[in-house]
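Subject: Handing over the structure

Hi there,

Here is the structure I promised to pass on. Please open it alongside this note, and my findings follow below.

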Amino acid sequence: MKSLQVAQPQQDSSDKVSDKTIVIPNKLTALADSFKGEHSWFIAPQIPTDFSIQVQETTYNVHKYPLISKCGYIGRLEIQPFISNSGNALKLENFPGGSETFETVLKFCYGLPVDFSPDNIAALRCASEFLEMTEELEDGNLISKTEAFLTFVVLSSWKDTITVLKSCENLSPWAENLQIVRRCCDSIAWKASKDDHTSEDAAPNQESWWFNDVATFRIDHFMRIISAIRAKGTRAEIIGKCIIEYAKKWLPGMDVEIEGLRGYGHEKYNLQFSIFSGKKKESSGHSKEQKTIIETLISIIPPQPDAVSCKFMLQLLKMAMMYSVSPALTTELEKRVSMVLEDAEVNDLLIPRYQNGDQGKTVISMTNSSEECTMLDIDVVQRIVEYFLMHEQQQMQQQQNTRKFNISRLFDNYLAEIARDPNLSITKFQVFAELLPENSRSYDDGLYRAIDTYLKTHPSLSEHDRKRLCKIMNCEKLSLDACLHAAQNERLPLRTVVQVLFSEQVKMRTAMQEKEPAQSGIQSEQEGNQTSASMDIKALKAELENVKTKMVDLQNDYFELQQEYEKLSNKPKNSSGWILHWRKIKNSLHTKPAGIEIGDRQDTPKSPNTVLRILNPRRRLSMS
């Protein structure tokens, strides 16, 4: 055992005083060099040390009077016979600050100057309270001096307050009982919130100037600071940024992400998937500390939806699942995530199914067993979606419908990711796919992609299971591109393909009907730009219609004349005259209308002169 003492002089056999009257080893050598005036009795050889005090592993041989005159605790113990008569050392168990602080107290008791600093003031304040160094024993005792320095010097400085609060981490419970921690937290909160109120439009680096200092504290002190800052009215997003900064420092595994299940090698009955944290095997004490940090951060997140991002809460949820945080806090965090689920990304929802593994990693092992063991924790995401739907039912407003569409896209993308898991059963997939209401999807293209991925990953499904799986989607909600893909998809059952083909025909018919008004609109716009040309075309079309009408009349006249000719052919008189006139009419009808038919077929009307030549035979016939 190490012993530091103020030793009495060494005497020889003749009881003569040695030349070296004082031997003060180690740190107390400086004390002896400073002893002067009224304390000269301390170095006098005829006054030996008469008291021993043990702090931790160090024993101090000191004089009673300097300590008893200023320390009420030692004065009360000194009168006990076990201490005063037996010569045993007084053990100070759990002394605040340890032996280093006690040596500073000895300096003060012997009247030597003591330097107060932010590094030692908290320990000296706790030690003086432990030793009961009050004003009743002596004016200007250590309690009053340390309290004055703490109040008027330390708390007025941001840097000194940070240093003192940091030193209080090893002074529990004395620092708590003496309100040192509370006063430091209040001082920090006041300074941080003051800058937030005075510069609400400040730059981000000006808002976060105090984040790094606050993030260095232990989690219990950090929670006290955040509570004090929130009580001062600091904005929720500022508090949220500070919490995120603290989590990055104390939870380094939060930013580890996985890229889904695409591209991993596996066999059907033997699959292992490892998530390496890049660290050595963690001790149980460190794991407990991490768990405490996660639970505390969950409990102090501000209730406002925009306080922290959805990505951060999902990362925190992954850590909570890894360290087996209490179910109540996990449920609370899942509900918080559901409030801002529309801001999530697919990779954020890929939460592995954790098991405690060796060598600093979490291992998910899947073997051929009756119990389903997927690589991703689908139950967590399912609970989040259910909480979201419950919240939607409570607040049925117009703006909520838009959120449903956003959630449906996110949901279908996540469904396509988990469909790649060969251990995912069809029942689990179907139940998860049917979570969203039917009216929440505007199109079922994402759902079709997820079903197709599942069929591709599970090629051994029976026809019954394929039909059962395809009943989830509505073929009428597939886009035209999805219908074209599904019509050629050999993995789909025949009944689904027929439904897709029918839906494709309906959509193509609808698309054609939509194009016709568009084309007519384009044509009308072009006609507006070319007015004169359109008028000519309309005039020619009108002339053509008139020609067609007159042609029909001529054909009717032809048939009538033919009938009259047959009647007259039976009479011998004047047959040559009628035959001559009939041949002329017949030749005109057989030659001229042919040009009209060609023009009709080519949509090219004849000129008015041609039309008059066609009509002349009829006029000659009527005149004759």
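Let me start with Tyr-246, which is found in helix α14 (residues 236-250); helices here are DSSP runs of H or I with at least four residues, strands are runs of E with at least two, and both are numbered from the N terminus. This is a predicted model, in which local features need pLDDT of at least 70 and side-chain atom pairs count only at pLDDT 80 or more, while totals for chains, interfaces and linings use all residues. Residues are numbered from 1 along each chain as its sequence is written, and side-chain values use heavy atoms, with hydrogens and water left out.

**Around Tyr-246**

Is Tyr-246 buried or exposed? With 0% relative accessibility, Tyr-246 counts as buried (buried is under 20% relative accessible area, exposed is over 50%, and partly exposed is in between, with a 1.4 Å probe and protein chains only). Leaving out residues up to four places away in sequence, Tyr-246 touches Val-214, Ala-215, Phe-217, Arg-218, Ile-219, Phe-222, Ile-293 and Leu-297; a contact means heavy atoms within 4.5 Å. From Tyr-246 to Val-214 the C-alpha to C-alpha distance is 8.0 Å, although 32 residues separate them in sequence.

Phe-211 is in helix α12 (residues 211-214) and is buried, at 5% relative accessible area. Its contacts, apart from neighbours within four places in sequence, are Ile-238, Lys-241, Cys-242 and Glu-245.

**The chain as a whole**

Stepping back, the chain has 27 helices and 6 strands. Of its 624 residues, 42% are buried. Among contacts between residues at least 6 apart in sequence, 72% join residues at least 24 apart. The accessible surface comes to about 35,100 Å², and carbon and sulfur atoms account for 50% of that (areas are from the Shrake-Rupley method with a 1.4 Å probe, and for residues only the protein chains shown count as cover).

**Aromatic rings**

There are 14 aromatic pairs in the structure. Rings of Phe, Tyr and Trp (its six-membered ring) pair if their centres lie within 6.5 Å, with planes under 30 degrees apart counted as stacked, over 60 as edge-to-face and the rest as tilted. One of the pairs is Phe-130 with Trp-174, edge-to-face at 5.6 Å centre to centre and 65° between the planes. Phe-130 sits in helix α6 (residues 121-130) and Trp-174 in helix α9 (residues 174-177), so this pair ties together parts 44 residues apart in sequence. Phe-130 is buried at 11% relative accessibility, whereas Trp-174 is partly exposed at 25%. Both rings also belong to a cluster, linked by ring pairs, with Tyr-60, Tyr-73, Phe-95 and Phe-102.

Two lysines are worth a look here too. The charged end of Lys-70 sits over the ring of Phe-108, 4.7 Å from its centre, and that of Lys-335 sits over the ring of Tyr-387, 5.6 Å from its centre. For this, NZ of Lys or CZ of Arg must be within 6 Å of the ring centre and within 35 degrees of the ring normal.

**Salt bridges**

How many salt bridges does the count come to? The count is 16, where a salt bridge is a side-chain nitrogen of Lys or Arg within 4 Å of a carboxyl oxygen of Asp or Glu. Glu-147 and Arg-125 form one of them, at 2.7 Å from N to O. This pair links distant parts of the chain, with Glu-147 in helix α7 (residues 142-154) and Arg-125 in helix α6, 22 residues apart. Glu-147 is partly exposed at 22% relative accessible area, while Arg-125 is buried at 8%. Together with Glu-129 and Arg-183, these two residues make up a network of salt bridges.

Two others are Glu-169 with Lys-166, at 3.5 Å from N to O, and Glu-417 with Arg-420, at 3.4 Å. Glu-417 is buried, with a relative accessible area of 6%, and Arg-420 is partly exposed at 23%.
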